[in-house]
Amino acid sequence: MTSLPGRQVQAFLAPGKGQLTVFASEGRRIIGTVVQEKGIIYTVNMLILTKTAEVFSKPSKRKLYEVLRHFNFHPRILFLHKLVLGIETSCDDTAAAVVDETGNVLGEAIHSQTEVHLNCFFISFRTGGIILPVAQQLHRENIQRIVQEALSASNISPSDLSAIATTVKPGLALSLGVGLSFSLKLVDQFRKPFIPIHHMEAHALTIRLTNKVEFPFLVLLISGGHCLLALVRGVSDFLLLGKSLDIAPGDMLDKTIMQKEKEEGIEKGQILSSAADIAAAVQHTIACHIAKRTHRAILFCKQRDLLCQSNAVLVVSGGVASNLYIRKALEIVTDATQCTLLCPPPRLCTDNGIMIAWNGVERLRAGLGILHNTEGIRYEPKYVVPFIIFMQFAFESQSLDFAFICEVFIDILVILEEGLH
């Protein structure tokens, strides 16, 4: 019995010798066996390649191919794992990745729109929001390239995929629509199962890609647009313990700074003199508030035997989870309650295609939410405050062109209408 550590293998028969050779994706030879008088069958079970002798004598190349096909082998590229393509377009990042069921990231690609939105003075400087029509257009321009780059990096074709997973909620409607539309075309073209993904579920389960974490565990999801505490009892089994009532941590920091800029009449290109002090004060307030609520959640779960009394796990994920000050506050809480604090690497805390693909793998293994018929599938957007802030600013401002205001307002109405159907 021989283990295959490679993510992808190639198998072929040497001409005229009846020899089966298996290569890893990097090109290293793992196994080479010359078949002489006794036949050998290679069967696959996950990562294990087992050989059984004395099956047939004087094997021909055709017979060996037939045996390999019987065990889902093909004469060229052979994949021993389930492979999922994940596509993420919930906000302003276009991302894609291919991940196998063992957690190997075979390929990924991402296109960030951050610079574009920061350079758009009209909304970003005044409201800190994403310009939705611009985000939609950039997703449309880049999604095919990003998906192709992820597939090329993984050295597979769409026909080799086990399923396609895509974020369908929550997020910005125009952005979600681009990802869903593109994904459904791939699903129809290559006849693959489709797995709709909840963006926050993907953030919560990312830790199981990087660490060995068993259910149940407590998760704190903190980002620019979300803040919630939940008990994760299974792949799609979440007990919501609490969430922000009005504003998320990342959004709070943005809005506080912007309010001070407005009060002091700061213009584009200028820096608020007290920005560092304000940011530090807001960060401290956020950290204390989150630490208190998280401490309460841990005690609640332990009192009701929802978590282990010792060695319980607190997972912190989302963009704000990269904040070291907040992490330090949470470490104090976990140390006091005999819990283990785990956070994904910073690059997996922000939006990415890897977490979507991994969530797809988790659901595929559990047999949950796998669609073979995508008729009627829709995205479910989250309506965010920047809409209202923009309209308030637009009517107060004398610097914006009326036609521009009308154009954005119409886009907002279209989004609302789409969300109601």
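Student: Where do Glu331 and Lys328 lie?
Tutor: Both are in helix α10 (residues 324–336). They are three residues apart, about one turn of the helix. Keep in mind that this is a predicted model.

Student: How far apart are the closest N and O atoms of Glu331 and Lys328?
Tutor: They are 3.8 Å apart. The cut-off is within 4 Å, so the pair counts as a salt bridge.

Student: Is Glu331 buried or partly exposed?
Tutor: Glu331 is partly exposed, with a relative accessible area of 34%.

Student: Other helix now. Which residue does Lys255 meet in a salt bridge?
Tutor: Asp251, at 2.5 Å from N to O.

Student: Why does Asp251 count as buried?
Tutor: Its relative accessibility is 16%. Buried means under 20%, so Asp251 qualifies.

Student: What about Glu362 and Arg208, what joins their side chains?
Tutor: A salt bridge, at 2.6 Å from N to O. Glu362 lies in helix α12 (residues 353–366) and Arg208 in helix α7 (residues 207–210), so the pair ties together parts 154 residues apart in sequence.

Student: Are those two buried or exposed?
Tutor: Glu362 is buried, and Arg208 is buried too.

Student: Which residues are linked in a network with them?
Tutor: Arg365 joins Arg208 and Glu362 in a network of salt bridges.

Student: And how many salt bridges does the count come to?
Tutor: The count is 10 salt bridges.

Note on methods: Residues are numbered from 1 along each chain as its sequence is written. This is a predicted model: local features need pLDDT of at least 70, side-chain atom pairs count only at pLDDT 80 or more; totals for chains, interfaces and linings use all residues. Side-chain values use heavy atoms; hydrogens and water are left out. Helices (H or I, at least four residues) and strands (E, at least two) are DSSP runs, numbered from the N terminus. Buried means under 20% relative accessible area, exposed over 50%, partly exposed in between (1.4 Å probe, protein chains only).
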